[in-house]
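Dear colleague,

Please find the structure below, handed over for your use.

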Amino acid sequence: MTLKRYELQGEHFRTTLQDSSGCWIDVSRATKQELEQLHTRYGVPQQFLSYALDPNEKPRVQEAGDYTLYVLQASHAKEGSTPFDTVPLAIIHSPQSIITVCEHLHTVLLDLKTGRLRDTSTEKPLAFILHILLRVAQRYVRDVQHISGKVEELEERLEQSTHNHELLTLMRLQKSLVYFKTALKANARLLTMLKRREEKLNDQEKDLLEEISVESEQAQDMVEIELSVLGNIMSAFGSVVSNNVNTVVRLLTVVTVLLAIPTWMTGLFGMNLTVPGQHQPWMFAVVVLLNITAVVLLWWTLRRRKWL
């Protein structure tokens with residue numbers, strides 16, 4: 001288990017060994033057994049901790065005594081067949097600290113640790129949590145932009161493609177976008193729950209919540225656009241590949257026909273029959289010239305008929 005405690009020193013979080021009040025506790029790559037230890041040490045409800053290990057956990061806000069749980073789905077780059085996936089990220093607001101639990105070492109939490117997120121402080125717990133939600137929404141936008149760039153690269157390669165590699169890559173990108181669409185829709189329900197408590201928020205928290213809504217809507221719109229573009233590209237992909245294959249087959253057919261002419265002529269003059277001028281020294285040059293002339297005339301005819 002990667003359990004670390006952080007205190008804000010200046011504008012950056014620094015690791016600390018003390019369980020000081022207001023610290024941030026990050027738990028990454030945790031197992032169920034290790035979460036049990038976290039439950040007994042910090043008094044967090046065990047059901048809260050188990051939610052972070054469920055990949056299908058729905059985003060929501062839930063309270064139990066003095067503890068408040070925020071669950072959301074965050075985008076996650078990974079290695080393998082699907083370039084992007086979504087993972088649950090649990091944020092627990094306890095009386096003493098803020099605890100984040102994620103099955104993976106997420107980039108949003110790394111941004112917090114490295115000071116890439118400004119104006120974040122655990123002294124204002126709800127603002128701190130909203131900053132994380134905002135970063136998650138911004139991460140969706142960046143990942144969709146990355147997918148969009150990949151799609152543009154594949155579009156250029158599709159013009160000359162005769163294989164299925166590009167199609168399989170597009171299918172994987174489409175799968176990632178479907179994950180994003182489902183997660184953003186679920187996260188929207190979490191934002192709705194937070195807006196119901198808007199009267200309890202201060203001006204800074206209201207501004208953050210509004211910014212999160214804007215970023216989330218932007219990400220949703222971008223996902224819808226990319227899914228539409230991908231659908232059109234994949235529909236046309238079969239025709240593009242078929243046309244490319246036909247072009248290759250046509251070229252090979254023309255080459256075969258052109259090569260058949262010198263093969264036929266050399267076969268004719270190579271038979272054990274008497275051929276006029278066969279003993280003349282200039283006869284070889286005549287045969288070569290006839291071959292070249294016939295091939296050129298056939299090539300010109302095919303070009304004129306736009307078969308090449």
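Phe284 sits in helix 7 (residues 283–304); helices (H or I, at least four residues) and strands (E, at least two) are DSSP runs numbered from the N terminus. With a relative accessible area of 67%, Phe284 is exposed, where exposed means over 50%, buried under 20% and partly exposed in between (1.4 Å probe, protein chains only).

Please note that this is a predicted model, in which local features need pLDDT of at least 70 and side-chain atom pairs count only at pLDDT 80 or more, while totals for chains, interfaces and linings use all residues. Residues are numbered from 1 along each chain as its sequence is written, and side-chain values use heavy atoms, with hydrogens and water left out.

Surface patch

Together with Val288, Ile292 and Val296, Phe284 makes a nonpolar surface patch of about 400 Å². Patches consist of residues with over 30% relative accessible area and no salt bridge, with nonpolar side chains (Val, Leu, Ile, Met, Phe, Trp, Tyr) joined within 5 Å and like charges within 9 Å. A salt bridge is a side-chain nitrogen of Lys or Arg within 4 Å of a carboxyl oxygen of Asp or Glu. Accessible areas come from the Shrake-Rupley method with a 1.4 Å probe; for residues, only the protein chains shown count as cover.

The largest pocket holds about 210 Å³ of space. Its lining comprises 13 residues, of which Pro55, Asn56, Glu57, Gln73 and Thr182 are the closest to its centre. Strand 6 (84–93) and helix 5 are the elements that give two or more residues to this lining, and helix 5 gives the most, with five. By class, the lining has five nonpolar, four polar and four charged residues.

The second largest pocket holds about 160 Å³. Among the residues that line this pocket are Glu63, Arg197 and Lys200; the lining has six nonpolar, no polar and three charged residues.

Cavity

The structure holds one cavity of 30 Å³ or more, and the largest cavity has a volume of about 100 Å³. Helix 4 (125–158), helix 5 (165–195) and helix 6 (203–269) each give two or more residues to its lining. This lining has nine nonpolar, two polar and no charged residues, including Tyr140, Asn187 and Ser216.

Terms

On a 1 Å grid over the protein atoms alone, a cavity is a set of points where a 1.4 Å probe fits but cannot get out, and a pocket is an open set with protein on both sides within 12 Å along at least five of seven lines; lining residues have an atom within 4 Å of a point. Points are joined across faces, edges and corners, and a volume is the space filled by probe spheres set on them. Ala, Val, Leu, Ile, Met, Phe, Trp, Tyr, Cys and Pro count as nonpolar, Asp, Glu, Lys and Arg as charged, and the others, Gly among them, as polar.

Yours sincerely
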